[in-house]
Amino acid sequence: MGFGLVVRFVAHSAEAARAFDQLAEKALEGIRAKEPGTVVYVNHTVPEEPDVRVFYELYADRAAFEEHERQPHVQEFLAGRARYLASFDVTFLDEISGKGSSPAELPGESGGRGPQ
């Protein structure tokens, strides 16, 4: 069963949001290369709210999320994000049902991570 979360980040300004995006992109490089249990990890903009970013994250299971949190590229992101943010809110998600595939069955990149 999958484990996920949604995080809403509010940056200090549009400029801070762009710097935050660069920090997130650096973390994503490590996530793409080193985290087969991270099924989806996406940074979204919010129309009409240029200072807001929303992450949607889906992991194969809770253990994959915990492994994600231990990675050096994630630790660097977590340590650096505060300088850009006014606030953030995390909502953890446990799957009930839905449409999806196991990580190994997703189309896209090898390693089962799907499109990034």
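Predicted model: local features only at pLDDT ≥ 70, side-chain atom pairs only at ≥ 80, totals over all residues.

Biologist: How many helices and strands does the chain have?

Modeller: There are 3 helices and 4 strands in its secondary structure. Following the sequence, they come in the pattern β-α-β-β-α-α-β.

Biologist: What share of the residues is buried?

Modeller: The chain has 116 residues, and 36% of them count as buried. As for contacts between residues at least 6 apart in sequence, 70% join residues at least 24 apart.

Biologist: Now the rings, please. How many aromatic pairs are there?

Modeller: The structure contains 12 aromatic pairs. One of them joins Phe9 and Phe55 in an edge-to-face arrangement, with 4.8 Å from centre to centre and 70° between the planes.

Biologist: Which strands do Phe9 and Phe55 belong to?

Modeller: Phe9 is part of strand β1, residues 3-11, while Phe55 is part of strand β3, residues 49-59. The pair therefore ties together parts that are 46 residues apart in sequence.

Biologist: Are Phe9 and Phe55 buried or exposed?

Modeller: Phe9 is buried, at a relative accessible area of 2%. Phe55 is buried as well, with 1% relative accessibility.

Biologist: And how is Tyr41 placed against Phe55?

Modeller: The ring centres of Tyr41 and Phe55 are 5.4 Å apart and their planes meet at 65°, so this pair is edge-to-face. The cut-off behind that conclusion is an angle over 60 degrees. Tyr41 lies in strand β2, residues 38-46, and Phe55 in strand β3, so the pair ties together parts that are 14 residues apart in sequence. Tyr41 is buried, its relative accessible area being 8%.

Biologist: Which residues form the aromatic cluster?

Modeller: One cluster is formed by Phe9, Phe20, Tyr41, Phe55, Phe77 and Phe88.

Biologist: What sits over the ring of Phe88?

Modeller: The charged end of Arg81 sits over the ring of Phe88, at 4.2 Å from its centre. Likewise, the charged end of Arg62 sits over the ring of Phe92, at 5.9 Å from the centre.

Biologist: Let us turn to Phe65. Where is it found, and what does Phe65 touch?

Modeller: Phe65 is in helix α2, which covers residues 62-70. Leaving aside residues up to four places away in sequence, Phe65 touches Phe3, Leu5, Tyr59 and Phe92.

Biologist: Is Phe65 buried or exposed?

Modeller: Phe65 counts as buried because its relative accessibility is 8%, and buried means under 20%.

Biologist: Finally, the surface. Which residues form a nonpolar patch there?

Modeller: Phe88, Val90 and Phe92 form such a patch, and together they have about 270 Å² of accessible area. The chain exposes about 6900 Å², of which carbon and sulfur atoms supply 54%.

Methods
Residues numbered from 1 in each chain as written. Heavy atoms only, no water. Phe/Tyr/Trp six-rings, centres within 6.5 Å; stacked < 30°, edge-to-face > 60°. Helix = DSSP H or I, 4+ residues; strand = E, 2+ residues; numbered from the N terminus. Buried < 20%, exposed > 50% of the residue type's maximum accessible area, 1.4 Å probe, protein only. Lys NZ or Arg CZ within 6 Å of the ring centre and 35° of its normal. Contact = heavy atoms within 4.5 Å. Patch = residues over 30% accessible without salt bridge, like charges linked within 9 Å, V, L, I, M, F, W, Y side chains within 5 Å. Areas by Shrake-Rupley, 256 points an atom, 1.4 Å probe, with all protein chains shown as cover. Salt bridge = Lys/Arg side-chain N within 4 Å of Asp/Glu carboxyl O.
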